[in-house]
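Subject: Structure handover

Hi,

Here is the structure for you to look at. My notes follow below it.

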Amino acid sequence: MEENSIPQGTTTVEENRMRKHIHVAAILQIVFGSLVVIGGLAIAFAFGFVDQFVDDPTAMKVLAIVGTPLIVMFLLFGGAMIAGGVGLLACKSWARILTLVMAALGLLNIPIVTLKGVYIIWVLVQQETVSLFAKGCPESSVKQ
């Protein structure tokens, strides 16, 4: 074994700094995912009352055709964001990949979600983050 190799149970100072960024990224994902789910539920709630104001059956069909996939998309994306954030908090390697994908998709939503996506992508592609997830995010001693 080499003298400079780091045992599985230790983390470097840089990895501990990135651990804080990972927690921030996870909380951002959970908060924004919750907002997306709430938005999807609000759309579903609003569409539930549209039939009281619209008498045209064709318009109702169009709203159903457009609204249902929109609501499902909001709920799926929001749920994936929440799952990724919770997985990051638990240091699951699948959560890192899922969160990268969701952050990349969020880049299309200008300006706030784009900034969040850039930050999350920056955090999750750092070498320290990758090695931290490879080790399983140990909470043990720090090697300098």
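Gln127 sits in helix 5 (residues 127–134). Helices here are DSSP runs of H or I, at least four residues, numbered from the N terminus. Because its relative accessibility is 56%, Gln127 counts as exposed (over 50%; buried is under 20%, partly exposed is in between; 1.4 Å probe, protein chains only).

A word on the basis. This is a predicted model, where local features need pLDDT of at least 70, side-chain atom pairs count only at pLDDT 80 or more, and totals for chains, interfaces and linings use all residues. Residues are numbered from 1 along each chain as its sequence is written, and side-chain values use heavy atoms, with hydrogens and water left out.

Next, helix packing. Helix 2 (residues 57–89) packs on helix 3 (residues 93–106) at about 140°, with axes 8 Å apart. Axes are lines fitted to C-alpha atoms over the stretch in contact, and angles run from 0 to 180 degrees between N-to-C directions.

Last, the surface. Ile27, Val31, Leu35, Ile38 and Leu89 form a nonpolar patch with about 460 Å² of accessible area together. Helix 1 (residues 13–49) gives the largest share, four residues. Val31 lies in helix 1. Val31 counts as partly exposed because its relative accessibility is 41%. Patch members have over 30% relative accessible area and no salt bridge, with nonpolar side chains joined within 5 Å. A salt bridge is a Lys or Arg side-chain nitrogen within 4 Å of an Asp or Glu carboxyl oxygen. Areas come from the Shrake-Rupley method with a 1.4 Å probe.

Best wishes

How values were computed
Patches are made of residues with over 30% relative accessible area and no salt bridge: like charges are joined within 9 Å, nonpolar side chains (Val, Leu, Ile, Met, Phe, Trp, Tyr) within 5 Å. Helices (H or I, at least four residues) and strands (E, at least two) are DSSP runs, numbered from the N terminus.
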